[in-house]
Amino acid sequence: MASPALTAAVDRVRAVFAGMTSPRETGCGLCHLPEETALLRVPDVALPDRALRIYAHEVPDHFDDHPAAMRRILPQVAEQLAARRWTAFNAYDLTGLGRSGWRTWPAEQADAIRAFLDAWWADTLATELDDWYVTEVFQACATAAGTVTPYLARWAAQPPGGPADRYLALFVDWWIDELLNDDTAVFRWWCDYARDEPVAELQEWILAHAPARLRAQDADPLLLFKTGLLALPYEQRFTDAVWDAAPPA
């Protein structure tokens with residue numbers, strides 16, 4: 001069950017974007033069924049689940065008016081994400097929203113989207129869910145918003161010992177080797193390729209917030225060791241002198 005904050009955020013999206021359409025939308029004739037595209041021209045009618053997911057991650061040039069199409073589908077997208085109705089969910093599912101330019105939309109609209117993403121992520125962090133799902137929600141929020149900063153801040157604010165700490169251990173274990181290598185292509189869900197990926201920000205945040213929470217969970221000593229290496233310059237992380245002190249794998 002969604003938290004009261006997430007329910008309120010969905011209601012806000014529903015109210016702000018109610019009645020919106022993409023009135024002259026013809027869509028992509030190769031990817032979109034005409035009867036599904038026609039629904040984008042009609043307000044407040046539910047789209048089939050298949051079409052909704054396609055539209056949510058579709059590239060902008062597959063629409064006549066991409067921002068209008070995103071506004072049209074946002075209430076239903078928010079409702080389904082909050083209810084966790086999308087099975088096999090992945091970060092790419094919100095790349096269309098991320099490329100829509102929503103941060104430049106009227107303040108009422110942009111604030112409603114921002115509040116929904118924050119509430120959805122907060123609700124996810126506080127709920128016992130499959131590990132893969134939580135990682136995908138984080139990536140999807142960052143993809144949609146074009147930033148990791150508010151979602152990392154929300155993560156750091158979670159009380160110790162809860163589900164968020166377990167998810168943090170999973171996240172660090174999943175990404176630590178790429179982060180140690182300063183791999184700028186590690187986050188392939190980052191949809192705006194005109195910007196550098198947020199590798200440095202994630203490295204700094206993990207170094208600041210992860211070690212204490214990992215130790216409290218009796219995390220793998222090797223994982224803690226690797227996490228600490230993020231404090232070193234790249235050229236020192238893989239020297240024999242450093243790794244001689246590593247715990248056994």
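I started with Tyr-133, which has a relative accessibility of 7% and so counts as buried, the cut-off being under 20%. I was working in a predicted model, so every value here is computed from it. Next I looked up Trp-132, and at 42% relative accessible area this residue is partly exposed. I then checked how the two rings sit: the centres of Trp-132 and Tyr-133 are 5.7 Å apart and the planes stand at 85°, so I noted the pair as edge-to-face.

**Other aromatic pairs**

How many aromatic pairs does the structure hold? I found 17. One of them joins Trp-121 and Trp-155, edge-to-face, with 5.3 Å from centre to centre and 85° between the planes. I liked this one, as the pair links distant parts of the chain: Trp-121 belongs to helix 6 and Trp-155 to helix 8 (residues 149-156), 34 residues apart.

Are these two tryptophans buried or exposed? Trp-121 is buried, with a relative accessible area of 0%. Trp-155 is buried too, at 4% relative accessibility.

**Helix 8 against helix 10**

Trp-155 and Trp-205 turned up again when I looked at helix packing. The axes of helix 8 and helix 10 (residues 199-216) come within 11 Å and cross at roughly 5°. Angles under 35 degrees count as roughly parallel, so I filed helix 8 as roughly parallel to helix 10.

Which residues make the contact? From helix 8 I listed Thr-149, Leu-152, Ala-153, Trp-155 and Ala-156; from helix 10, Glu-201, Leu-202, Trp-205, His-209 and Arg-213. Sorted by class, the residues of this contact are six nonpolar, two polar and two charged.

**Helix 4 against helix 6**

Helix 4 (residues 66-82) packs with helix 6 (residues 107-125) at an angle of about 15°, and their axes are 11 Å apart. That angle makes helix 4 roughly parallel to helix 6. I noted the crossing of helix 4 past helix 6 as left-handed.

On the helix 4 side, I wrote down Arg-71, Leu-74, Ala-78, Leu-81 and Ala-82; these meet Gln-109, Ile-113, Phe-116 and Trp-120 of helix 6. The contact of helix 4 with helix 6 has seven nonpolar residues, one polar and one charged.

Conventions. Residues numbered from 1 in each chain as written. Predicted model: local features only at pLDDT ≥ 70, side-chain atom pairs only at ≥ 80, totals over all residues. Heavy atoms only, no water. Axes fitted to C-alpha atoms, helices over the stretch in contact; angles between N-to-C directions. Helix = DSSP H or I, 4+ residues; strand = E, 2+ residues; numbered from the N terminus. Parallel < 35°, antiparallel > 145°, perpendicular 65-115°, else oblique. Left-handed = near helix turned anticlockwise from the far one by under 90°. Contact = heavy atoms within 4.5 Å. Nonpolar A, V, L, I, M, F, W, Y, C, P; charged D, E, K, R; others polar. Phe/Tyr/Trp six-rings, centres within 6.5 Å; stacked < 30°, edge-to-face > 60°. Buried < 20%, exposed > 50% of the residue type's maximum accessible area, 1.4 Å probe, protein only.
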